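Me: Please take a close look at the sheet in this predicted model. How are its strands arranged, and what packs around them?

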Amino acid sequence: MKEAVVVFDQPGNLCEEAINLLKGEFSEFFVPSVYGISELAPWLPKADAIISWGNQKLSDNILDLCSDKIRAISTIGVAFSNIDLVAA
């Protein structure tokens, strides 16, 4: 198991297989139950990675909450237009 915290940026229905895989690979992972920053804010400072479903813009005000230890920002899809690349 990797000592890493993985944060999803918005609610999503992960299948049981995906949840079990995440539990086996990472020390913690978080999937919010609502859209917006309210549930994400406490998790971002300790996140090693953010996985974006691509519908919420990862703007500078969101990415500024992350610590310098963040190692990956990933989007599910083919583009990265919803990630503020300057802030990342």
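Reply: E1 and E2 pair in the parallel sense through four bridges, and within this pairing Val6 stands opposite Phe29 of E2. Helix H1 packs on the sheet, where it touches both E1 and E2, and its direction makes about 135° with that of E2. The pair belongs to an open sheet of four strands, which follow the order E2-E1-E3-E4 with parallel pairing; strand E2 (26-30) and strand E4 (72-75) are the edge strands, each pairing on one side only. Direction ignored, neighbouring strands of this sheet are turned by 20° against each other on average.

Turning to the packing, the largest nonpolar core has 13 residues, among which Val7, Leu44, Ile50 and Leu58 touch the most other members, and both E1 and helix H2 (60-63) supply at least two residues of this core. Ile50, leaving aside neighbours within four places in sequence, is in contact with several residues, including Val7, Leu44, Leu58, Leu63, Ile70 and Ile73, as well as with Asp9 and Ser74. A second, separate core consists of six residues, including Leu14, Leu22, Ala49 and Ile51.

Between strand E1 (2-8) and helix H1 (16-25) runs a loop that holds Gln10. Gln10 counts as buried because its relative accessibility is 2%, and, not counting residues up to four places away in sequence, Gln10 touches Val31, Pro32, Tyr35, Trp53, Asn55 and Gln56.

Note on methods
Residues numbered from 1 in each chain as written. Predicted model: local features only at pLDDT ≥ 70, side-chain atom pairs only at ≥ 80, totals over all residues. Heavy atoms only, no water. Buried < 20%, exposed > 50% of the residue type's maximum accessible area, 1.4 Å probe, protein only. Contact = heavy atoms within 4.5 Å. Pairing = 2+ DSSP bridges. Axes fitted to C-alpha atoms, helices over the stretch in contact; angles between N-to-C directions. Core = buried A, V, L, I, M, F, W, Y, C linked by side-chain atoms within 4.5 Å.
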